[in-house]
Amino acid sequence: MRLAGIRLTLLVSIGLLGAVGCASLPPPDTLPRTGQQPAATTAGAARVDLARLSASGAAFARRIDGLTAAHPKQSGVHPLPGGREAFAVRARLIESAEATLDLQYYLWRDDLSGRMLFDAVRRAADRGVHVRLLLDDGNTIGQDDLLAWLDEHPGIEVRLFNPFAQRRLRLLEYLGDFDRLQRRMHNKSLTADGQAAVIGGRNIGDAYFDVTDGTAFTDLDLLVIGPIVSDLSADFERYWNSRSSYPAAQLLRPLDDAARERVLSRLSGSGDGPQTGFYREALERTRALADLREGRLDPIWAPVTMISDDPAKVLVRDRKPAPVATLMERSVGEPRRTLEIVSPYVVPMAEGVGYLAGLVNRGVRVRILTNSLASTDVVAVHAGYARWREALLDAGVELFEYRREARPPGGSGGRGSRGSAGGGSAASGGGGSRASAGGSAAASGGAAIGSSGAGASESSLHAKTFSVDGERIYVGSANFDPRSAALNTELGFVVASPALTATIDESYARDVPRNAWRVDRDATGALRWSATTDDGAEVRDSEPDASPQRLFGAGMLSILPFDWLL
């Protein structure tokens, strides 16, 4: 019986592998590479004529022109550190769009906030807005019906980036095409009418918008207007028309009536219940979009440069060590005095450690804020970071690890709480958010990094910023790790603004001591973690607040040689 069972298992496995092997993507050369999908997915429906719609955004464009005319060659930047405000601004942009919406995301969860924004996108298309949704296919498991339903709308086009041919057995497809499928589009952007956009570290989901009782992400986005939006729109076109972008209709099965009813039922329930109350409140209290549309917004004006990978990066077959230092040099240039790195995932590799050591030797102060083992959402990445922690300290780098129970200034008490929507400090989430008109850069407090969840019991760092010399700052999707450098595509803006960048330096002095562990060595050379808490100074001689399971898992993972994948 045992031998028969083994034979049966082998036959089933071979059959599954054969099924996976038979699945294949349409040849890239046969796919449409323009802004219009040639055929609708519903009988008799026609795709919206983008040229016809372009004039309808003229009123919004005139308002933006009125703001930008006084700042030639500069873009307006409004930081969005708070999760609620970040959600509200996205929702308002979608609701206010008159002509076009371009959305590009690595992850869009089918949870409360995700469904609310999916529904807002559908309603925008109902009123004549032309919507293009480009999603990385690595995180769309279980969403095929929802995406097919959206794509059926004559005003919505959905494309999947670097997709799986096999929709139900994705893990098995990795066996035959791992080198391609491990490479993902990590970009995150939303652009309305080609006039205003949101970019940054946030994906779409409850953990990013402060609607969770579990772990909430501390993050940062930027609302931008001005010439940089044209650059972003052109970059979206590059991704939309790339060889790795596939129309959803060519990958997903057509829906029957029962499937449509299930999708409608899920979305119709997204606006009910007490959980949505804070969203409605946030929408009512957030003035950034109203101020923008009515010409009252007072953003930071500065030269802004887009840093975006070529979408063909996912087609490269190269397993050489990732040039992490090259990622830094490309984004923020050569530091002369200070380099502040905020990244949830830090895996510098030997080349990255050497790069940072060289900066320190030239007199540059280098500080890194990343997740602790207790706060990280990816234990494997922390294991990769821990391998280089002592080398970083030996190089003269100052290390800080985000506390799981970080409490931003101005919070209402309790773990990870925050007193008002939109607040945020540079290192932990407190301070102002520039939500009101007339706010100054200094008033934004620590808007340079972001804020954690209002009702969350725990916090996890997710913001990605690189600050140089108090003069310029990168905000975007890239981490300080090999995956961002060599495997994923990334998108971010470099803002040449001392006013915005200075908030990073202020936050390290003000907020990091109580919201992060400082990692250094004791008199014997062993690692130690120290922090200033409400009860005074606290010192640990091992990974603080990490569960035994996490300690064991990180220890086991640390012996595996896969840093290049992290």
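Predicted model: local features only at pLDDT ≥ 70, side-chain atom pairs only at ≥ 80, totals over all residues.
The mean pLDDT of this protein chain is 79, and 74% of its residues reach 70 or more.

Over residues 36-56, pLDDT stays under 50. The model still gives that stretch 42 contacts beyond four places in sequence. Residues 408-448 also stay under 50, and there the model has 151 contacts beyond four places in sequence. Where pLDDT is low, coordinates are not for detailed reading.

Next, the chain as a whole. The protein chain has 566 residues, and 58% of them are buried. Its secondary structure comes to 18 helices and 21 strands. Take the contacts between residues at least 6 apart in sequence: 79% of these join residues at least 24 apart.

Rolling a probe the size of a water molecule over the atoms shows where empty space is left.

The largest pocket has a volume of about 660 Å³. Its lining consists of 28 residues, and those closest to the centre are Tyr 106, His 186, Val 378, Arg 483 and Asn 488. Which helices each supply at least two residues of this lining? They are α7, residues 170-181, and α15, residues 482-487. The largest share, three residues, comes from α7. By class, the lining of the largest pocket divides into 12 nonpolar, nine polar and seven charged residues.

The second largest pocket has a volume of about 340 Å³. Here 19 residues form the lining, and nearest the centre lie Gly 142, Gln 143, Asp 144, Arg 167 and Arg 168. Two or more lining residues come from each of α6 (144-152), α7 and α9 (257-268). Which element gives the most to this lining? It is α6, with four residues. The classes here are eight nonpolar, three polar and eight charged.

Definitions and conventions:
Residues numbered from 1 in each chain as written. Heavy atoms only, no water. 1 Å grid on protein atoms, 1.4 Å probe; cavity = no way out; pocket = protein on both sides within 12 Å on 5 of 7 lines; lining within 4 Å. Points joined across faces, edges and corners; volume = space filled by probe spheres on them. Nonpolar A, V, L, I, M, F, W, Y, C, P; charged D, E, K, R; others polar. pLDDT = per-residue confidence, 0-100. Contact = heavy atoms within 4.5 Å. Buried < 20%, exposed > 50% of the residue type's maximum accessible area, 1.4 Å probe, protein only.
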